[in-house]
Structures are given as structure tokens and as C-alpha cells.
Amino acid sequence: MRTRLLQALSLLSTGLLAGAFGYGAANLVPTFNAVPIEMRLDFHTALMRMNGITMQATMAVSALSTLALAAAERGRARVLAGAAGALVVSSSLITRFGNVPINGRIKQWAATAPPADHAEVLRRWELFNDARTLTAAIAFGLLVLLALRVRRSRS
């Protein structure tokens, strides 16, 4: 029973994480790139303020539940859950050490003016965003495979 609850929680939270990052990559980033830089900086700053708590909480729940699931499982299920947990942790580290410092710079630019190299810095932010989206999506895919594998083996 505990393993099933951990599996449900890890699947839900990691799906939310991958979905949020995927939506951002597919919709927000192209929108950011389509509007004037001043509008992008203002919107980006406001979005990061709103995302701060919810995304950190989602990453934490995803990482903890997935790693707890790996500890509770055995065999291939443990490997799948452990790999998913490592990918969620990677996504969190990419966010913390890649996107967050750039978000701080963007916040400063919104209050003043973007520097001459702002396009390169924003391109780096997008690369980090793509990397964290990919790691979260693969983690979610592994957990879906684990859920399907468990269901099939019990049928």
C-alpha cells in the first residue's frame, strides 16, 4: 500500500513538473521571444515571483517521493524509480544553478536596462530551460513505464 501511494505521489508530482516545464518551453519562451524586450523582462520577473514557491515545492515533492519510491522498490522497479529520482534532482540542480542566477539578472534588467549581451544571456537561460524540461519529461516517462510495468505484472 505504501509503495502504491509513493508511486501515485511521484507520478503526479513529476507529471506536474514536466508539464509545467513543457508548457513553458512550448508556449512561454516563444511568447517571450515575440514581444519587445522590456515586456519580456517585466513578465519574466513577475512569472518568476509567482513560480518561486510552487515550482520549488513541486520539485521537492517530486524528488523526495521518487527517491523514497526507489528505496521501497526492488529490482528493475528500483532502477527505474532511482533513475527518475536522479533526473528530477538534476532538473532541480539545473534550475538552481542555471536558471535562478539568470533570473536574478533579468530582475535587475527590468528595473534598469538590459546590457548589450542580453540576447546571449537569455539564450543561455533557454538552454538551461530546455535541459530541465528534458530531464523532468524523461523522469515522468520512466515513472509511467514503472506504473505500466507494475500493472501488467499484477494482471
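A: Start with arginine 40, which forms a salt bridge with glutamate 126. Their closest N and O atoms are 3.5 Å apart. Salt bridge here means a side-chain nitrogen of Lys or Arg within 4 Å of a carboxyl oxygen of Asp or Glu. Arginine 40 lies in helix 2 and glutamate 126 in helix 4 (residues 118-154), so the pair ties together parts that are 86 residues apart in sequence. Helices are DSSP runs of H or I with at least four residues, strands are E runs of at least two, and both are numbered from the N terminus. Arginine 40 and glutamate 126 are both buried. Buried means under 20% relative accessible area, exposed means over 50%, and partly exposed is in between, with a 1.4 Å probe and protein chains only.

A word on the source: this is a predicted model, in which local features need pLDDT of at least 70 and side-chain atom pairs count only at pLDDT 80 or more, while totals for chains, interfaces and linings use all residues. Residues are numbered from 1 along each chain as its sequence is written, and side-chain values use heavy atoms, with hydrogens and water left out.

How many salt bridges does a search of the whole structure find? The count is two. Side chains of opposite charge can pair when their charged atoms come close. Besides the pair already described, glutamate 120 bridges to arginine 123, with the closest N and O atoms 2.9 Å apart. Both residues of this pair lie in helix 4. They are three residues apart, about one turn of the helix. Glutamate 120 counts as partly exposed because its relative accessibility is 37%. Arginine 123, at 41%, is also partly exposed.

The protein chain has four helices and zero strands. From the N terminus on, its elements run α-α-α-α. The C-alpha trace spans about 60 × 20 × 20 Å along its principal axes. Of the 155 residues, 37% are buried. Among contacts with a separation of 6 or more, 79% join residues 24 or more positions apart. Contact means heavy atoms within 4.5 Å.

Back to helix 2 (residues 37-72), where histidine 44 is found. Histidine 44 counts as buried because its relative accessibility is 1%. Beyond its neighbours within four places in sequence, histidine 44 is in contact with Phe32, Asn103, Ile106 and Trp125.

Alanine 81 sits in helix 3, and its 0% relative accessibility makes it buried. Residues up to four places away aside, alanine 81 touches Thr66, Leu69, Ala70 and Leu146. Serine 65 is 16 residues from alanine 81 in sequence, and their C-alpha atoms are 9.6 Å apart. Serine 91 is also placed in helix 3. Its relative accessibility is 0%, so serine 91 counts as buried. Phe21, Met59, Arg132, Thr135 and Ala136 are what serine 91 touches, again not counting residues up to four places away.

Helix 4 also holds arginine 149. Arginine 149 is partly exposed, at 32% relative accessibility. Leaving aside neighbours within four places, it is in contact with Arg76, Ala77 and Leu80. The C-alpha atoms of arginine 149 and arginine 76 are separated by 9.8 Å, although the two are 73 residues apart along the chain.

Finally, the surface and the charges. The chain exposes about 8,800 Å², and carbon and sulfur atoms supply 66% of it. Accessible areas come from the Shrake-Rupley method with a 1.4 Å probe; for residues, only the protein chains shown count as cover. Leu67, Val89, Leu93 and Phe97 form a nonpolar patch with about 370 Å² of accessible area together. Patches take residues with over 30% relative accessible area and no salt bridge, joining like charges within 9 Å and nonpolar side chains (Val, Leu, Ile, Met, Phe, Trp, Tyr) within 5 Å. Helix 3 (residues 75-111) gives the largest share of this patch, three residues. Valine 89 is in helix 3 and counts as partly exposed, at 30% relative accessibility. As for charge, the mean positions of the 17 positive and 7 negative charges are 20 Å apart. Lys and Arg count as positive and Asp and Glu as negative, with His and the chain ends not counted. Each charge is placed at NZ of Lys, CZ of Arg, CG of Asp or CD of Glu.
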